[in-house]
Amino acid sequence: MSSKMMFYILKRILLAILTIWIVITVTFFVMHSVPGGPFVGEKAISKEAQAALEAKYGLDRPLMEQYVTYLRDIVTKFDFGPSLKLRGRMVIDVIMDGMRTSAKLGLIAAFGAAVVGITLGSVAALRRNTVLDKTIMVITTAFVSMPSFIMGSFLLIIFSVALGWLPANGASQGGLILPVITLALYPMAYITRLTRSSMLDVLGQDYIRTARAKGVPAKKIIFGHALKNSLIPVITYFGPMLAFIVTGSMVVEQIFAVPGIGRQFVSSITNRDYTMIMGTTIFLASLIVIMNLVSDLLYKVVDPRIEFD
């Protein structure tokens, strides 16, 4: 590994740490500036009991002291504290439990979307302006335009309610099939369109025409040059998309009752569970930052001519 690449990785790691710190800081102070508190909605709770709960979780301390303590616990112990609503449970344990389902759901959907999207995009580019190309573009445009909650509800009504082929509950056996399809449709359609436009641009380059003129086999031109170089925009999109989709789509997990991290994040906001909101936000931000770094490093693998600055 060259010194230039080492310096680039170190610089990106420092920027990632700075980004995560900004996310923690902004989320912490914005969350505490909202009127009310996590125990305001408790039924039949006296002011004394509310004060006791705030003292138990350290919410009665000065805000800056809470902030410094929270940062110290994250850095030294990777401790996000206890959940304020799920009594007796630590935030990190809840996140890990939810990630077991969300990671499985997201990884299948993300890599399925990538494989299908790259394949369809390549076929559309190679069959430009044919009926097949136009059909693929119409279908992918529809999937890109349709929100996930509409698509999820549609699939739920058709395959669970009307036909009864698949379970509606994401926690049951086979219950992840519809959520996976719902999560995969938008990125699959976007990757298809991205691959098609990128490949058409590559196929019009001078070196492709030169290779054809020299009699290089069509398969080598397509798979050795065109497809490989057209994947760079896809890699740019795939990193953040994978991070988002693995942490679980909040809407999709709500629709199909999937016990994942996205559903837990929604309930934490509704319940004003400060520590759970902080933990899930930091986890999502960290995953996005890491996947962005991985995407940048993959550029060098796909195209060795790329230099790190």
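My notes follow, from the whole chain down to single residues.

I am working with a predicted model, where local features need pLDDT of at least 70, side-chain atom pairs count only at pLDDT 80 or more, and totals for chains, interfaces and linings use all residues. Residues are numbered from 1 along each chain as its sequence is written, and side-chain values use heavy atoms, with hydrogens and water left out.

**Fold.** I found 13 helices and 0 strands in the chain. Of the 309 residues, 41% are buried (under 20% relative accessible area; exposed is over 50%, partly exposed in between; 1.4 Å probe, protein chains only).

**Helix pair.** I looked up α4 (residues 91–126) against α7 (residues 177–203). Their axes come within 6 Å and cross at roughly 35° (lines fitted to C-alpha atoms over the stretch in contact, angles from 0 to 180 degrees between N-to-C directions). The contact residues divide into 21 nonpolar, 5 polar and 1 charged.

**Patch.** Leu15, Leu18, Trp21, Ile22, Val26 and Val30 make a nonpolar surface patch of about 530 Å². Val26 lies in helix α1 (residues 3–33). I noted Val26 as partly exposed, at 47% relative accessible area.

**Tyr207.** I placed Tyr207 in helix α8 (residues 206–213). Tyr207 is partly exposed, with a relative accessible area of 35%. Tyr207 and Ile221 are 14 residues apart in sequence, and their C-alpha atoms are 9.8 Å apart.

Notes: Helices (H or I, at least four residues) and strands (E, at least two) are DSSP runs, numbered from the N terminus. Ala, Val, Leu, Ile, Met, Phe, Trp, Tyr, Cys and Pro count as nonpolar, Asp, Glu, Lys and Arg as charged, and the others, Gly among them, as polar. Patches are made of residues with over 30% relative accessible area and no salt bridge: like charges are joined within 9 Å, nonpolar side chains (Val, Leu, Ile, Met, Phe, Trp, Tyr) within 5 Å. Accessible areas come from the Shrake-Rupley method with a 1.4 Å probe; for residues, only the protein chains shown count as cover. A salt bridge is a side-chain nitrogen of Lys or Arg within 4 Å of a carboxyl oxygen of Asp or Glu.
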